[in-house]
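I'd like to walk you through one structure, so let me get it up on the screen.

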Amino acid sequence: FVWGGVAMVLPVPRPVRPTPEPQRLPVGWGAAAGLLLLLLYFGNERSFLHRSAVEKAFWPLIYGWFALLWVCSPSRKATHEAPLDSCASQSGSVSELTDAAVVALAALVGLAVYMHNRALRMASSVSRRDLQQLAKPYVETVAARMAASRVSELLSSRRRYMGLFQGLVCELVDALTGRPWRIRGALHQALTDCCKGGPGDLLYLLNCGYVDLPRLFTAAGTDVLELLQMQVPHMDVVTKARLVDALHRQPDFRHHRSLQKPAVEMLRQTHGWELTTLKNLIDEMGDFFNLHRLVFHDLVPDLREDVLSHIEEEGRKLRVAMAGDGACIEAPRKVLSDIDDTLYCSGGRFPFGVDARFDRGKVYPGVLALFRELDSQPGDGVHQCSSPSRRSEAKDGSMPLWRRVSAGDWEEVSVPSNLTVAELRERLAAGRPSAGPGGCVCSGIGAALEVSFKPPASRAMSNLVFLSARPHAYKDYTESRSFRLFRRLRARGRLHCMPTLLPGRLSASLQAALLSAVTQFKLLLSTVLLLLLAAAIHVHRQGLTALCWALLAGFACASAATRRLRSAASAWRPVAAHKVCTFLQYQRLYSECSTVFFGDNGQGDLWCGEQLARFAAAAAAEGQPCPVAAVFVHEVASHTAQLSSLPEGLRREEQAEVWRSLGVHFHRTYAGAAVNAHLCGLISQEALARVARSAVDDLLRLRIGGHGRSWAERVAELNADVARANELLPEALRVQQVPEAAGAEHPLLSRPHSRSLELFAFLTEPPEAAEGPG
């Protein structure tokens with residue numbers, strides 16, 4: 001105490017301690033922690049991080065965390081690059097407020113981006129689909145109209161707040177005041193009152209277009225789901241398709257069994273060809289929400305097995321009905337195709353493909369016409385089953401006949417039942433009206449060259465499926481680019497239906513791309529890695545040096561793995577194996593359909609096609625329906641560089657014989673593919689002529705645009721296949737070849753017009769311009 005008093009009175013000098021610098025956040029370790037959290041988030045879409053409530057907090061935290069790392073970075077503090085730091089240099093508190101404002105703004109931006117992306121995924125395109133041919137007429141009553149207006153008003157009451165910050169604040173206020181729970185109760189009461197008038201009023205409400213069904217299920221509770229589940233027996237196919245799509249788009253569909261059970265019940269309570277129609281409608285929504293994802297990725301295991309058992313049993317019954325005594329029903333056909341180097345050219349860019357004959361992204365001439373012909377075969381089983389009596393002879397001696405008016409439209413006419421095929425051909429060639437018994441007139445029948453004695457499919461279903469090696473990474477980020485292309489082609493009239501996309505697996509695609517890159521660029525990669533290691537050692541960066549050593553070790557392991565590969569294409573075997581598994585899963589969903597597979601021999605599609613052909617041969621040997629009708633392989637690489645499951649040492653003739661026995665057919669152009677399809681009995685002569693004509697026109701349009709290389713070779717390839725097609729066609733259907741002048745290397749439009757070009761005329765319509773953004 002005495003020394004304490006003395007120290008307080010006397011001015012004893014105290015040692016001056018340096019002020020400790022404020023502890024800064026280690027930016028490197030902070031960034032590594034953020035990246036690890038993102039890896040955990042993107043690695044498993046079934047984790048709790050993907051729940052809607054968790055995601056609303058996850059993305060603001062991620063954006064805010066990386067903004068905090070940027071604010072605390074030493075380089076930013078030293079250089080004062082931010083304009084706010086120059087104003088806040090005189091006051092530390094102002095600088096801290098500025099940094100806090102930057103972090104808060106980044107968090108709000110993260111929340112806004114998440115909400116925007118969720119709203120895009122919730123937007124359904126089912127309202128823009130042409131469903132009039134399948135939907136039943138819904139009677140509009142006063143009660144139904146009032147209930148629809150009430151539900152629409154309740155759902156739109158939360159949209160009156162405009163702007164990002166106002167919307168976030170109002171959503172927070174609504175959550176604190178309990179407004180969502182009041183809206184949920186009001187929606188249940190409105191739907192309950194609507195059901196009192198009968199199921200017709202509810203069907204009108206669900207199909208009128210005033211009610212946003214995805215928003216309805218977001219705002220509604222389990223009581224509304226139970227109410228709709230009770231009305232499933234009264235619903236038609238279109239209503240079920242709308243509801244399944246709306247339920248599947250919910251952010252928590254994977255995690256809430258209450259959302260999955262109504263969708264499962266709608267599938268289980270649909271039978272026969274109606275179930276096939278429902279599955280096709282679910283697959284044609286134009287995004288990654290399809291039947292395959294619904295069943296094999298999003299449903300819980302027990303519900304998945306229930307749905308699969310029901311779908312397979314109904315498919316078995318349809319196969320028995322189609323193969324029964326006296327049945328003349330052709331099984332519906334699914335066209336499965338690869339994308340890169342099959343639908344459009346990859347330009348030879350790694351890792352997409354190896355074909356460099358055309359510019360990257362250019363659709364191959366004639367491929368879309370061939371897909372259309374394979375999908376639009378007359379007599380689709382769905383429509384034959386619905387009206388089998390239309391093929392019978394009428395009492396007045398006439399019989400129905402369908403003539404093709406355009407590429408996708410057919411017209412029903414009546415002809416005398418005693419008319420022979422030769423007489424019908426003469427009247428078609430003469431183009432004069434025919435009068436049958438009882439005054440039956442078949443006018444204008446000579447305007448078309450193709451007729452059908454079976455009722456053709458009146459609506460194009462989603463029978464085109466793209467089986468891609470591009471992996472599914474997170475929600476629809478990797479698939480969105482492909483669907484933009486599909487929507488653009490569909491808007492231009494080049495795609496006859498909205499296709500389905502079955503993506504690959506991320507691990508298999510990354511492994512294949514890594515091994516293929518090491519195989520093709522081994523010298524370049526080793527040189528770059530050694531230079532990076534030398535630079536890291538020179539600048540004395542321990543972390544960068546450790547990273548370079550890890551990359552070199554991985555490169556050494558990959559190089560050792562590539563020594564066991566037969567060729568560079570052998571690296572794509574995991575991708576091909578995953579395609580086979582995906583095909584088998586898809587076949588379980590559509591077991592009543594036959595399948596045609598298209599691929600290329602540049603990567604793993606040939607190996608995949610060979611395995612599928614073996615499965616088909618085994619099924620045929622056991623007396624079961626053949627799941628694969630044919631395999632068509634686009635030849636873009638040499639036979640020595642392709643991945644095949646055939647044993648080594650076989651001669652070229654022996655390989656060709658094995659492929660012929662398996663039903664694997666090669667082609668260089670899609671006119672050649674159409675010839676192979678005609679020889680397999682998949683398309684008619686008229687269809688072969690249309691595909692060849694479309695291929696000729698498409699190639700000449702590409703030539704005028706200058707999109708391609710070695711035009712003389714391209715013209716010679718196509719003309720050779722067109723000549724093969726003309727050998728199979730009658731004289732009236734033969735196709736004009738591409739003029740040889742189109743193969744000139746100098747610009748086509750700047751040279752003098754040749755006689756062959758002057759006589760050439762396009763016989764197919766040019767693709768229409770897109771009405772909206774792709």
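**Salt bridges, a sheet and a few buried residues**

Let's start with a pair of side chains: Asp721 and Arg724 meet in a salt bridge, at 3.5 Å from N to O. Before I go on, keep in mind that this is a predicted model. So why do those two sit where they can pair up? They are 3 residues apart in helix H30, which covers residues 711–728, so about one helical turn separates Asp721 from Arg724. How exposed are they, then? Asp721 is buried, because its relative accessible area is 9%, under the 20% cut-off. Arg724, on the other hand, counts as partly exposed, at 34% relative accessibility. While we're here, there's also a network: salt bridges with shared partners link Asp355, Arg357, Arg668, Glu713, Arg714 and Glu717 into one.

How many salt bridges does the structure hold? The count is 26. Let me pick out two more of them. One is Asp245 with Arg249, where the closest N and O atoms are 3.0 Å apart. Asp245 and Arg249 are both buried. The other is between the side chains of Arg293 and Asp298, at 3.5 Å from N to O. Again, Arg293 is buried and Asp298 is buried too.

Okay, on to the sheet. It's an open sheet of 6 strands, the pairing is parallel, and the order reads E8-E7-E1-E9-E10-E11. Which strands are at the edges? Those are E8, residues 500–505, and E11, residues 664–667, and each of them pairs on one side only. From one strand to the next, the twist averages 25 degrees. As a quick reminder, strands in a sheet pair through backbone hydrogen bonds, and they can do that parallel or antiparallel. If you zoom in on E1, residues 333–337, and E9, residues 594–600, you'll find 5 bridges joining the two, and they run parallel.

For context, most residues other than glycine have a negative phi. And is Asp341 buried or exposed? Buried, since its relative accessible area is 0%.

Next stop, Ser509, which you'll find in helix H22, residues 506–520. With a relative accessible area of 11%, Ser509 falls under the 20% cut-off, so we call it buried. Leaving out residues up to four places away in sequence, Ser509 touches Ala469, Pro471 and Val575.

Last one, helix H3, residues 52–71. How far does H3 reach? Its 20 residues reach 29 Å from the first C-alpha to the last, close to the 28 Å expected at 1.5 Å a residue. Several H3 residues are buried, among them Phe58, Trp59, Pro60 and Ile62, and also Leu69 and Val71.

That's my tour, so over to you for questions.

Terms used
Residues are numbered from 1 along each chain as its sequence is written. This is a predicted model: local features need pLDDT of at least 70, side-chain atom pairs count only at pLDDT 80 or more; totals for chains, interfaces and linings use all residues. Side-chain values use heavy atoms; hydrogens and water are left out. Helices (H or I, at least four residues) and strands (E, at least two) are DSSP runs, numbered from the N terminus. Buried means under 20% relative accessible area, exposed over 50%, partly exposed in between (1.4 Å probe, protein chains only). Contact means heavy atoms within 4.5 Å. Two strands pair if DSSP finds at least two bridges between them. Axes are lines fitted to C-alpha atoms, for helices over the stretch in contact, and angles run from 0 to 180 degrees between N-to-C directions. A salt bridge is a side-chain nitrogen of Lys or Arg within 4 Å of a carboxyl oxygen of Asp or Glu. The expected span of a helix is 1.5 Å times one less than its number of residues.
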